[in-house]
Amino acid sequence: MVQDKTSVPPVPGREPAPEADAPDTAADTDTAASSGAGDGVRAKGEGRWVLVARVAAVVAGGLLLYTAFPPLDWWLCAPVGIGLIVAGLYRARPRRAAWLGYLGAAVFLFPALAWVRTIGDDVWVMLVATESVFYAVMAALAALVFRLRLWPVWFGALWVMMEWARGLVPVGGFPWARVAFSQGESLFTSYAALGGAPLVSFAVTLCGALLAHAVLVRPAATADKAAGKAVSKAVRRAVPVAVALAVPLLTPAIPRPGDEGRSINVGIVQGNVPGRGMHPLGDEPAVVLRNHAEETKRLADAVRAGALPKPDIVVLPENSTDIDPYTSAFARQVIDESVKYVGVPTLVGAVVAIGDEYRATRSLVWDPVSGPGAYYDKQHLVPFGEYTPFKEIVLALWERANLVGRQSVPGTKPGDLKLGPVTIGAVNCYEVAYDDTVRGTVRAGGTPLVVQTNNASYALSNLPPQQLAMSKLRAVEHNRAVVTAATTGISAYVTPDGKVSWQTRELVPDMNVVKVPVRTQETIATKVGELPEWALMLMGAVAVGVAARRGRRGDRMGNGS
């Protein structure tokens with residue numbers, strides 16, 4: 001005798017099975033059919049073309065996600081690319097989802113991190129291979145939360161958790177290529193003022209997942225008892241699309257502080273360097289020092305000629321002197337002469353000796369009267385560039401690791417430095433990718449933010465524009481103007497609204513004086529700090545726990561029958 005389906009009681013903790021007259025619900029993972037053993041049966045029965053479609057979706061999604069990042073800057077491709085990645089993972093078993101997630105991540109990260117090839121193709125491959133593991137784990141967990149209602153929200157939360165983990169481990173983390181950094185100037189950017197980079201990543205990922213939901217999940221018609229009419233399937237399908245559109249379009253409602261009526265003139269110097277690749281400083285001693293000293297004097301001459309306004313302060317890049325001014329009388333004299341010539345306090349970038357064995361990457365205030373004074377030492381160091389993790393093993397295996405030379409030691413204090421009439425927020429190169437470092441500097445009173453950077457090894461790659469996109473996001477996140485001084489470019493001035501007001505070309509000497517607003521009011525993101533990120537990660541963790549529990553319960557009920 002065939003059992004009537006309507007007589008089967010619902011499984012506790014799961015949604016009721018779809019009605020027999022609603023074949024369109026076969027793809028709805030919000031029903032009990034998408035959890036427990038049933039999901040495994042379906043996945044095992046997937047045909048070859050289904051698997052091909054999954055692979056095509058994650059590959060296309062990874063490529064589209066890459067195009068959202070500089071230098072292409074097609075920011076709208078980020079949610080679309082994530083939507084395709086979701087389509088490839090949807091209803092897959094965790095194991096299959098893991099390798100699909102790994103594949104999509106590799107397709108995205110290989111071109112996004114192509115600048116690493118300057119160091120070596122082997123390093124590039126190893127970095128991408130390592131970072132893709134985080135996406136694989138996230139995809140496996142996402143396979144569980146797809147069983148729940150509102151799964152686009154839980155997927156977005158898991159993405160934030162994955163990016164947090166990438167920025168933490170290994171060896172201090174690598175937060176490059178976060179989705180938020182593809183939105184330096186987009187409709188999503190304003191979320192940075194509300195919850196920082198994590199909230200921007202969440203908003204973009206949620207938008208992409210909602211678009212995927214609209215295509216993948218086919219809702220059944222339901223009866224409206226009050227009106228006595230059926231609710232259109234098309235209307236129900238339109239709901240996630242409407243929400244996906246609302247996510248970026250509602251950003252003008254996010255509160256952001258305004259102008260405070262105060263500004264300063266900042267001189268920016270880009271002196272250029274003679275070398276390229278792994279030897280950017282060239283073979284001639286002190287050439288980098290002289291280049292930046294001469295460009296500083298050229299700025300002063302332009303001011304005297306009336307071509308530029310008089311600066312209140314001048315900013316030089318990271319490594320603007322290739323000789324330690326503390327130990328070299330020659331370097332000290334050259335810097336002092338150029339600072340006296342321009343006549344205003346100047347921020348110099350130097351690598352200085354710490355004892356006999358170590359060094360520090362330093363932002364050094366140089367006064368035209370009193371000389372070197374207060375300084376900030378870089379806190380987040382570049383592994384294998386400024387120090388060597390697992391030193392004994394690495395040095396034995398890779399000769400290039402010896403190029404690091406003296407090992408750098410990290411600073412322990414934020415970069416609030418009194419420079420002329422303001423207290424700037426010094427951020428050193430690689431650190432602009434780290435939320436805590438930038439936020440700590442702003443909270444300490446730094447305004448405007450000054451990013452000193454040396455991208456000489458990566459000139460004309462996609463690194464300089466990616467770093468500039470981070471500065472644009474930080475400007476909005478903290479309501480601060482951002483001034484970037486780079487040895488070879490891109491030097492730039494970013495307004496507190498995240499707009500690039502001026503920038504240089506790469507591999508040329510250049511200088512300018514820009515009028516920069518001084519703002520002291522904090523955004524909501526600056527005030528609340530890590531709370532939005534931790535809240536989103538907690539949501540994701542709870543969702544995984546609930547989905548796993550329901551899956552086990554479904555397996556037990558299925559086995560018991």
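This is a predicted model: local features need pLDDT of at least 70, side-chain atom pairs count only at pLDDT 80 or more; totals for chains, interfaces and linings use all residues.

Visitor: Okay. Which strand does β3 run antiparallel to, and how many bridges join them?

Guide: That's strand β15 (residues 510-517), joined to β3 by eight bridges. In that pairing, Val 269 stands opposite Met 511.

Visitor: And which strand is parallel to β3?

Guide: Strand β4 (residues 313-315), with three bridges to β3. There, Val 266 stands opposite Ile 313.

Visitor: Why is β3 called largely enclosed?

Guide: Because seven of the eight residues in β3 (residues 263-270) are buried. In a regular strand, side chains alternate between the two faces of the sheet.

Visitor: Zooming out, how many helices and strands are in the chain?

Guide: There are 15 helices and 15 strands. The chain has 561 residues, and 55% of them count as buried. For contacts with a separation of 6 or more, 71% come from residues 24 or more positions apart.

Visitor: What about the surface?

Guide: The accessible surface is about 23600 Å², and carbon and sulfur atoms own 62% of that.

Visitor: Switching to the inside. Which residues touch the most other members of the largest nonpolar core?

Guide: Phe 108, Leu 113, Phe 155, Trp 159 and Trp 176, out of 94 residues in that core. Helix α7 (residues 192-216) gives the most to this core, with 13 residues. A second, separate core has 22 residues, including Leu 417 and Tyr 493.

Visitor: What is Trp 176 in contact with, ignoring its sequence neighbours within four places?

Guide: Its contacts include Leu 113, Trp 115, Arg 166, Tyr 430 and Met 470.

Visitor: How many salt bridges does the whole structure have?

Guide: A search finds 16. One of them joins Arg 519 and Asp 259 at 3.9 Å, a pair 260 residues apart.

Visitor: Are Arg 519 and Asp 259 buried or exposed?

Guide: Arg 519 counts as buried, at 8% relative accessibility, whereas Asp 259 counts as exposed, at 54%.

Visitor: Which residues form a network of salt bridges?

Guide: Arg 178, Asp 435, Arg 474 and Glu 477 are linked that way.

Visitor: What's phi at Leu 150 and Cys 429?

Guide: Phi is near 60 degrees for Leu 150 and near 50 degrees for Cys 429. Both values are positive, in residues other than glycine.

Visitor: Buried or exposed, those two?

Guide: Leu 150 is exposed, because its relative accessibility of 56% is over the 50% cut-off. Cys 429 is buried, since its 9% falls under 20%. Leu 150 lies in the loop between α5 (121-145) and α6 (151-166), and Cys 429 in the loop between β10 (422-428) and α12.

Terms used. Residues are numbered from 1 along each chain as its sequence is written. Side-chain values use heavy atoms; hydrogens and water are left out. A nonpolar core is a set of buried Ala, Val, Leu, Ile, Met, Phe, Trp, Tyr and Cys residues joined through side-chain atoms within 4.5 Å. Buried means under 20% relative accessible area, exposed over 50%, partly exposed in between (1.4 Å probe, protein chains only). Helices (H or I, at least four residues) and strands (E, at least two) are DSSP runs, numbered from the N terminus. Contact means heavy atoms within 4.5 Å. Accessible areas come from the Shrake-Rupley method with a 1.4 Å probe; for residues, only the protein chains shown count as cover. Two strands pair if DSSP finds at least two bridges between them. A salt bridge is a side-chain nitrogen of Lys or Arg within 4 Å of a carboxyl oxygen of Asp or Glu.
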